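Here is a short briefing for you to read with the structure open beside it.

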Number of protein chains: 2
Amino acid sequence: MNDIIGRVADKWTLLILEALDENGVVRFKELSRLIPGISQKMLTQTLRQMECDGLVKRTVYAEVPPRVEYELTPLGFSLGEAFCGVWTWAEKHYAEIEAARKKFARRQRG
Amino acid sequence: MNDIIGRVADKWTLLILEALDENGVVRFKELSRLIPGISQKMLTQTLRQMECDGLVKRTVYAEVPPRVEYELTPLGFSLGEAFCGVWTWAEKHYAEIEAARKKFARRQRG
DNA sequence: CAGAATCCTCCATGATACTG
DNA sequence: CAGTATCATGGAGGATTCTG
């Protein structure tokens, strides 16, 4: 159980989840463009993990040049909805956290 | 925004959040007992971060031996509620993920 | 008891090169 | 294009020691 949370609450996993949730069916290279800062290695690795966990469906087309498409499974979409609460929490309380940090910094110096 | 998620979706942060949410006001040493596997360093470090972000309130008593108590702020509790969806998701779909993993492993071998 | 400070290790990740 | 393979490294985190 704890390991499920650990895998699912991963930075890259969340970003991929978001990208697929918003864009539907996406090719590998397009994904890397949609997620600034991700390396090719982490994209591959995280996608494999998500596919393994049943969050992502991977479709390979026998073409030249190769084409591989990724999309969320129903399980993947349900995870997206579950995380929705956390996203909206972050947006809603962003300013509050900023303020807390500044207050904390002042307290450290004072 | 992205950094908020990154900090909040941290393994130790989540475990501390859960421990405080369930147990209310807790001393440092009791926390380390409530969270098996956490080192003294990570407990201190994560608590400081959470305090800095306004998720946790820290109270020091001028006693000998020292006593320090931790508890969630309203902001901390609200984060706990936001993550509730993810927890219940994990519980609800645990078996489904397990099955997907086994299926994936078979496919790899086959 | 509740930490701060130090050292050290290992692993996740990035960078690079290669391939079908 | 969509990867795999290999090497290098920075930093997260553990173990230990010390202190008010």
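DNA strand D is surrounded by 18 residues, and the closest are K29(A), Q40(A), R58(A), Y70(A) and K41(B); a residue counts as near when one of its heavy atoms lies within 4 Å of the strand. Of the atoms of DNA strand D that come within 4 Å of the protein, sugar and phosphate account for 63%. Please keep in mind that this is a predicted model, in which local features need pLDDT of at least 70, side-chain atom pairs count only at pLDDT 80 or more, and totals for chains, interfaces and linings use all residues. Residues are numbered from 1 along each chain as its sequence is written, chains are lettered from A and ligands numbered from 1 in the order in which they are written, and side-chain values use heavy atoms, with hydrogens and water left out.

**Around DNA strand D**

- A polar contact here is a pair of N or O atoms within 3.5 Å; within protein, one must be able to donate a hydrogen and the other to accept it, and residues adjacent in sequence count only if both atoms are side-chain atoms.
- K29(A) places a polar side-chain atom 2.7 Å from a phosphate oxygen of DNA strand D.
- The elements that give two or more residues to the surface near DNA strand D are α3 (28–34), α4 (40–52) and β3 (67–72) of chain A, together with α4 (40–52) of chain B. Helices (H or I, at least four residues) and strands (E, at least two) are DSSP runs, numbered from the N terminus.
- With 4 residues, α4(A) gives the most to that surface.
- A polar backbone atom of P66(A) is 3.4 Å from a sugar or linking oxygen of DNA strand D.
- By class, the surface near DNA strand D has 8 nonpolar, 4 polar and 6 charged residues. Nonpolar covers Ala, Val, Leu, Ile, Met, Phe, Trp, Tyr, Cys and Pro, charged covers Asp, Glu, Lys and Arg, and the others, Gly among them, count as polar.

**Around DNA strand C**

- There are 17 residues around DNA strand C, of which K41(A), M42(A), K29(B), R58(B) and Y70(B) come nearest.
- Sugar or phosphate supplies 65% of the atoms of DNA strand C within 4 Å of the protein, and bases supply the rest.
- One base contact comes from Q40(B), with an N or O atom of its side chain 3.2 Å from a base nitrogen of DNA strand C.
- At least two residues each of the surface near DNA strand C come from α4 of chain A and from α3 (28–34), α4 and β3 (67–72) of chain B, with α4(B) giving the largest share, 4 residues.
- This surface has 8 nonpolar, 3 polar and 6 charged residues.

**Chain A against chain B**

- The contact (heavy atoms within 4.5 Å) takes 34 residues from chain A and 34 residues from chain B.
- About 3,300 Å² is buried between the two chains, and carbon and sulfur atoms give 77% of it. Buried area is the accessible area (1.4 Å probe) that two parts lose on being put together, summed over both.
- The count between chain A and chain B is 4 salt bridges, each a side-chain nitrogen of Lys or Arg within 4 Å of a carboxyl oxygen of Asp or Glu.
- R101(B) forms a salt bridge with D53(A), the closest N and O atoms being 2.7 Å apart.

**Symmetry**

- Chain A is superposed on chain B by a rotation of 180° with 0.0 Å of shift along its axis (RMSD 0.0 Å). That is the relation of a two-fold axis.
- A9(A) comes closest to the rotation axis of the residues of chain A, at 2.8 Å (C-alpha).

**Within the chains**

- D53(A) and R7(A) also meet through their side chains in a salt bridge (3.0 Å, N to O). D53(A) is in the loop between α4 and β2 (56–61) of chain A and R7(A) is in helix α1 of chain A, 46 residues apart.
- A cis peptide bond joins V64(A) and P65(A), with omega about 0°, and P65(A) sits in the loop between β2 and β3 of chain A.
- In chain B, a cis peptide bond joins V64(B) and P65(B), with omega about 0°.

Key
Copies are superposed by least squares on the C-alpha atoms of residues with pLDDT of at least 70 in both.
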